[in-house]
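Here's a quick look through one protein model, from overall build to core. Have the structure open while you read.

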Amino acid sequence: NISFTSNTEIYKQMENEMKKGNKEKIQELFFELTPRVQENVEDVIEKFKDYGLTLDNYIPACIKQSSLFRSSSDSIEKNVKGIVEKFKDNGLTLNNYIPCCTKKPQLFYQSPETIESNVKDLVDKFKDNGLTLDNYISCCIKQPPLFCLSPETLESNVKGLVDKFKD
């Protein structure tokens with residue numbers, strides 16, 4: 001009588017263990033995933049290990065965004081390197097972007113064009129107030145969710161905050 005546990009069930013178990021802070025159990029469960037999933041994860045880590053990506057910080061990102069378990073390492077590499085290339089002259093590097101990705105996992109798979117549009121559109125909205133790409137990229141590195149938010153949402157939030165403290 002062979003017991004079969006699906007990857008989806010293992011992802012759920014990993015999520016529960018992450019909530020408990022049980023890293024050993026998470027790594028144990030990782031090796032219960034199908035070989036293809038393990039290979040995907042290991043390939044991504046191999047591509048970015050020189051920039052601080054490890055099993056310990058990539059697995060939690062995968063648990064938060066389970067599609068990362070199934071994403072090809074080539075696709076992730078293209079997205080990550082693509083956005084770094086777009087903002088390399090503004091201070092973005094693989095060394096400071098990989099930690100952003102582990103904190104905000106959708107950055108591993110979001111298209112560079114979408115992120116670029118979000119960033120540049122927001123900077124355009126506030127350029128008359130002194131915001132530059134260099135300033136904003138620096139802010140995004142410190143607060144990775146800023147890479148993902150729509151310019152409209154951020155503009156509304158900033159203007160709402162300013163209005164709240166007027167006078």
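For the charge count here, Lys and Arg are positive and Asp and Glu are negative, while His and the chain ends are left out. By that tally, this predicted model carries 23 positive and 26 negative side chains, with the centres of the two sets 3 Å apart.

On to the fold: the chain has ten helices and zero strands. A few whole-chain values:

| Property | Value |
|---|---|
| C-alpha box along the principal axes | roughly 70 × 35 × 20 Å |
| Buried share of the 167 residues | 40% |

As for contacts with a separation of 6 or more, 62% link residues 24 or more positions apart.

Now zoom in on helix H6, residues 73-86. Its 14 residues reach 20 Å from first C-alpha to last, close to the 20 Å expected at 1.5 Å a residue. Which of its residues are buried? They are Ser73, Ile76, Glu77, Asn79, Val80, Gly82, Ile83 and Val84. An α-helix has 3.6 residues a turn, so residues three or four places apart point the same way. The buried residues of H6 pack against H3 (35-48), H4 (55-64), H5 (67-70), H7 (94-103) and H8 (112-126).

Then there's the largest nonpolar core, with 46 residues. Met14, Tyr58, Phe69, Tyr97 and Phe147 touch the most other members. Leaving aside residues up to four places away in sequence, Phe147 touches Leu92, Tyr97, Cys100, Leu107, Ile115, Asn118, Val119, Ile137, Cys140 and Ile141.

Definitions and conventions. Residues numbered from 1 in each chain as written. Predicted model: local features only at pLDDT ≥ 70, side-chain atom pairs only at ≥ 80, totals over all residues. Heavy atoms only, no water. Core = buried A, V, L, I, M, F, W, Y, C linked by side-chain atoms within 4.5 Å. Buried < 20%, exposed > 50% of the residue type's maximum accessible area, 1.4 Å probe, protein only. Contact = heavy atoms within 4.5 Å. Helix = DSSP H or I, 4+ residues; strand = E, 2+ residues; numbered from the N terminus. Expected span 1.5 Å × (residues − 1). Charge placed at Lys NZ, Arg CZ, Asp CG, Glu CD.
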